[in-house]
Amino acid sequence: MADKCDLCLLGLIILSSLLTGTSGVNVFISSGENVSLSCNNALSDCKSTTWIYYRLIFLAGVELITLGIKNKDTERHERLSLKPDCSLNIKNVTEEDYGLYTCRQYVNGQKQGPDADVFLHVLHVSVSPSSSSSSSSSSSQTEISPGRSVTLSCQLYSFAGFSCDHWVSSVGVELLWVNQAGVDLKTDSRYQISSSSDQYRCIITLTTTLLNEDDNREWRCQLTHRNQVKTSVRYTVKYSAQADSTTAVNPSTQVIVISVAADAVLLLALLWLICRKRADNKRGTGDSAVKDENDHKGTYETCPFLPLQEPM
């Protein structure tokens, strides 16, 4: 049920769909977002719908949905769901989700009509490990510091496996690093921007040395198709706070606390002396018999405002 034509033919299908839009639907999405893949050949209900997933490294597809029922044996089944119109919904897209998704209809075991193909291309940004210990994300905010060099890699994962030059020359898809105003950073000599490709990715990297004023600055990797923005990934610089600034105490606050504490000690001492004096006076007013008796018993008087402590 999941057999497919060879990889060369699939590559031609992708190129044709990108150029003409007649051989399938192309969806460009950033990692971390949710996406819904349309099933354009759905019948009256989804009980006949089967979704099959293909990647270049697979010779056969993997059935994600079989006759309207989700396959729980797949690694990402928790992120998948089938919508009422038989579209396939993918939550929190990752760079591993790129590929070809085929919606196919079966009735009584017989394939019905042509397939509906959707090519999912995923845009993802990662930070060079030497620049930050933070993990990458679709909209990352990494704690780094001025004076350090940072390298950001913007990667387009695609089933087609086209080089960056081929994406631009044959398809009209281009990756750009831009600032918050949308200005291409290639026009600024402060940034070193280069491109490279491998079997599944077109990669554009940005390298720069951070300045003090870069705190909270945002850069975006922007994907355009025929000069129209399809998706983008944001990266925000966030500097770490200095340790001494978080632990320092205002000197005037320290003075106030010490002054109040000293005043409290003096007040308690004064009250104790007054109570002691009153107790001594009482001992001096009795007769000698009482005095002798009190010499053994001692004299106790509760002093106002002084807390009594329970015996240990």
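Me: Which residue does aspartate 115 form a salt bridge with, and what counts as a salt bridge?

Reply: The general idea is a side-chain nitrogen of Lys or Arg within 4 Å of a carboxyl oxygen of Asp or Glu. Here, aspartate 115 pairs with arginine 104, and their closest N and O atoms are 2.9 Å apart. Aspartate 115 sits in strand 9 (residues 110-127) and arginine 104 in strand 8 (residues 99-107), so the bridge ties together parts 11 residues apart in sequence. Strands here are DSSP runs of E with at least two residues, numbered from the N terminus.

This is a predicted model, where local features need pLDDT of at least 70, side-chain atom pairs count only at pLDDT 80 or more, and totals for chains, interfaces and linings use all residues. Residues are numbered from 1 along each chain as its sequence is written, and side-chain values use heavy atoms, leaving out hydrogens and water.

Me: Is arginine 104 buried or exposed?

Reply: Buried means under 20% relative accessible area, exposed over 50%, and partly exposed in between (1.4 Å probe, protein chains only). Arginine 104 comes out at 5%, so call it buried. Aspartate 115 is partly exposed at 23%.

Me: Which residues does aspartate 214 bridge to?

Reply: One is arginine 190, with 2.2 Å between the closest N and O atoms. That pair links distant parts of the chain, 24 residues apart: aspartate 214 is in the loop between strands 14 (201-209) and 15 (218-225), arginine 190 in the loop between strands 12 (173-178) and 13 (192-197). Aspartate 214 also meets arginine 217, at 2.5 Å from N to O. Aspartate 214 is buried at 0%, while arginine 217 is partly exposed at 26%.

Me: How many salt bridges does the structure hold?

Reply: It holds 10.

How values were computed
Helices (H or I, at least four residues) and strands (E, at least two) are DSSP runs, numbered from the N terminus.
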